[in-house]
There are 2 protein chains.
Amino acid sequence: MEAKKGGRRRFLSGALAGLMVGGTRSESGQALGAQTPEVPSGDLLAYGERSRFETSKRTSQGSFSWLFNRRPDLLTPLQDSLGIITPPSLHYEVSHGSQPPDIDPSRYRLTIQGLVDRPRSFTLDELKRQPFVSRIRFLECAGNTTSHLRQAQNAETVQLSHGFTSCSEWTGVPLSLLLQKTGVQEGAGWLVAEGAEAGKHIRSIPLEKARKDVIVAYGQNGEPLRPENGYPLRLVVPGLAGFYSVKWLRRIKLSDQPHLVHQGRFRHSPSQDDSGGFRFEIGPKSVITFPSGGQRLPSRGFFMIGGLAWSGGGAIRTVEVSSDGGRSWKEAQLQDPVLPIAHTRFSFAWNWHGEEAILQSRCTDELGQVQPTLAEFARSKGVTREQLLSGSIREVGHFNVIQPWKVTRDGSVHNALT
Amino acid sequence: MEAKKGGRRRFLSGALAGLMVGGTRSESGQALGAQTPEVPSGDLLAYGERSRFETSKRTSQGSFSWLFNRRPDLLTPLQDSLGIITPPSLHYEVSHGSQPPDIDPSRYRLTIQGLVDRPRSFTLDELKRQPFVSRIRFLECAGNTTSHLRQAQNAETVQLSHGFTSCSEWTGVPLSLLLQKTGVQEGAGWLVAEGAEAGKHIRSIPLEKARKDVIVAYGQNGEPLRPENGYPLRLVVPGLAGFYSVKWLRRIKLSDQPHLVHQGRFRHSPSQDDSGGFRFEIGPKSVITFPSGGQRLPSRGFFMIGGLAWSGGGAIRTVEVSSDGGRSWKEAQLQDPVLPIAHTRFSFAWNWHGEEAILQSRCTDELGQVQPTLAEFARSKGVTREQLLSGSIREVGHFNVIQPWKVTRDGSVHNALT
């Protein structure tokens, strides 16, 4: 329908142009040699679309989850990423239910109840009238790089190995401000957040963290949240594993204790979780996105190694790159802006001589935390590298090991995590 | 087709879920009261789309330009904007030709020629191998707020009055670096950039500026440029009027003089242009986006006034807001990050008592430049306010006057630029 309208408009405008102002098109066509063809569409007008030549897309790890009424988890194509902002259309998605709930924003309510002085429900319009903040922050799924542990070393691409992280500009109300409105009763130490999806994701967050920097977000990269990212409202809990950032947020209950039986996935309760439990802070992590697994260098010569670094602990301070399997490291260049708890883009000039090479990056955050090798990581967890790679150890916390990529003599690039 | 596939998948998964794991959906449905409906789509997977409830869109100023084989100019819906990033789908567009050219990136070449030592054509892959930068920078059309001068005071909405500005994270190669590769011959002082569209937009830029901070950009907000924003390659010339940022860039010619006969629109040559000519720097400008023209406050009470400020001169230092027609001003809060030559979001808490009120914002940039009132602006140009508002003076340079909005007793908001 839109396309048809566009076609009619083009026909009309073309015909009238020929009659009325003549020449312009053929003149410029001549100047250009052949006339440049035009994007065949009238529907790019009101709300634009990407070029028909661009096909970057999210993908899943190939599980059969959809057979079990579960929407597949979707990974961001980091190999195609540019800068630090992830397009919302390509934001990773880990679903705790099935399809995103189809919420009419005019009927939407967020209820805050429990150990508060004045339980309240907010409409979306009421929330948008509150003081707002916008923050560029990354999210990362707790299972990124290990969601199916054995896949860490077998993932053929950086999308499959690291694609459960994305970075957006989030806009919303500071949660601390809403809690000022409701008042918080003595004894409240926890906040239990509940989503509206069929899977009913529930997550407990310490009140201290909730008051510090958590955002009740309605905006993402300048427009409303996308359906699969929690439309119309989600929590953004900076620096902690993604599952805390409850999507389709419909209820916040203040409590004197955490809600221990988490429905849906990520069931580990604090007592079972020796990786930090409720303080599941994302460690310093980085990965080279070019060249990365599945890509191929077309020839010897000069390349810009590029990648992303991030940490739940704050801003990235340095990224180092090694092209000799970790024997020597050199400092990469960080691209402005370098923001706390945000993806940070780095680059490193490299001349490939055609020999086999192992490329890897290692980041340090502003707290001085350094991204570990697989061996260092295993040691810190009291397990062996083999146990980690075989997938026999499942609960290891945030898996932030250095990711090596091997460039072979034919230019092809492969996962070299061993 | 996609929708059909999604439908079949949902049917299958629903049926299997019922047979195999049972209960989950109805359990959670019960917990939620009624079961939450789901977004009816399988095509949100690979490349997501926005909610069906969201309809914010670009619009034109209602000219009949399309009748003359010209694509209508499109304005960003600033009244819906959040944060500082503009969604590429809603980026403003001023076309110098008709439809965007439909360029196959694999056949694309950028040629640099003229007064250079080594004329060269670059493929897109070659450009992407070069050192890159990402910068969050605004663009603004020279004609923003005055493109049809008389409309400045009649524009009913902030989209119509100020919508020819947007802000993105641009990724690409520093132009200075490409010029190092080609070498620059003695005597070269200008760079003439040419687009590939039918209208063949040509623009001259002083070499000094080209070497300073101009980007040959292929990325916007983490993905390739959109067709209407110059796919696959455009200039981004920070701080100068948008027409310098040549889209669909296919040729750069170094010359000892500017190309004076500019084809297409914006024909003013430097000698004719007393507003600064080739140094058409964007002055400090701000506008309140909420509440703004065409909106309506639902009741008395507390509101967050919100808006955007920007300057070609660097970072925004302060924004002040007046709610009494300019008699008193108070400092607004700036939202992080505050970046040079980028949109900056400000907010200001305001309690509306139900009386008529004139709201306006005024910004100061890091150079100390202050956004002028209409009277101050007219005085600085040696013309009268009436001449400006009647549209009898057309070439006034960047029109960055303070924009007043009148809130009437019924809560409706109107343009009050007089």
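Mentor: Start with the core. Of the 66 residues in the largest nonpolar core, Ile136(A), Trp350(A), Val407(A), Ile136(B), Trp350(B) and Val407(B) touch the most other members. A nonpolar core is a set of buried Ala, Val, Leu, Ile, Met, Phe, Trp, Tyr and Cys residues joined through side-chain atoms within 4.5 Å. This is a predicted model: local features need pLDDT of at least 70, side-chain atom pairs count only at pLDDT 80 or more, and totals for chains, interfaces and linings use all residues. Residues are numbered from 1 along each chain as its sequence is written, chains are lettered from A and ligands numbered from 1 in the order in which they are written, and side-chain values use heavy atoms, without hydrogens or water.

Trainee: Which residues does Val407(B) touch, not counting residues up to four places away in sequence?

Mentor: Among them are Leu297(B), Trp350(B), Trp352(B) and Leu359(B). Contact means heavy atoms within 4.5 Å.

Trainee: Why is Ser361(A) called buried?

Mentor: Buried means under 20% relative accessible area, exposed over 50%, and partly exposed in between (1.4 Å probe, protein chains only). Ser361(A) has a relative accessible area of 0%, so the label is buried. Ser361(A) is found in strand E17 (residues 357-365) of chain A. Helices (H or I, at least four residues) and strands (E, at least two) are DSSP runs, numbered from the N terminus.

Trainee: What makes the side chains of Ser361(A) and Ser286(A) a polar contact?

Mentor: The distance is 2.8 Å. A polar contact is a pair of N or O atoms within 3.5 Å; within protein, one must be able to donate a hydrogen and the other to accept it, and residues adjacent in sequence count only if both atoms are side-chain atoms.

Trainee: What is the label of Thr145(B), buried or exposed?

Mentor: Thr145(B) has 7% relative accessibility, so it counts as buried. Thr145(B) is found in the loop between strand E3 (133-140) and helix H4 (151-154) of chain B. A polar atom of its side chain lies 3.0 Å from the backbone oxygen of Ser161(B).

Trainee: How do you know that E15(B) and strand E16 (residues 344-352) of chain B pair?

Mentor: Two strands pair if DSSP finds at least two bridges between them. E15(B) and E16(B) have two bridges, in the antiparallel sense. Leu334(B) has Phe346(B) as its bridge partner in E16(B). The open sheet has four antiparallel strands in the order E11-E12-E16-E15 (chain B).

Trainee: What makes E11 and E15 of chain B edge strands?

Mentor: Each pairs on one side only.

Trainee: Why is the aromatic pair of Phe290(B) and Phe303(B) called tilted?

Mentor: Rings of Phe, Tyr and Trp (its six-membered ring) pair if their centres lie within 6.5 Å; planes under 30 degrees apart count as stacked, over 60 as edge-to-face and the rest as tilted. Here the centres are 6.3 Å apart and the planes 45° apart, which is tilted. Phe290(B) is partly exposed at 27%, while Phe303(B) is buried at 0%.

Trainee: What makes the pair of Phe377(B) and Phe399(B) edge-to-face?

Mentor: The angle between the planes is 80°, at 5.2 Å centre to centre. Both Phe377(B) and Phe399(B) are buried.

Trainee: How do you know that the charged end of Arg129(A) sits over the ring of Phe303(B)?

Mentor: A charge sits over a ring if NZ of Lys or CZ of Arg is within 6 Å of the ring centre and within 35 degrees of the ring normal. The charged end of Arg129(A) is 4.0 Å from the centre of the Phe303(B) ring. Arg129(B) lies over the face of Phe303(A), also at 4.0 Å from the ring centre.
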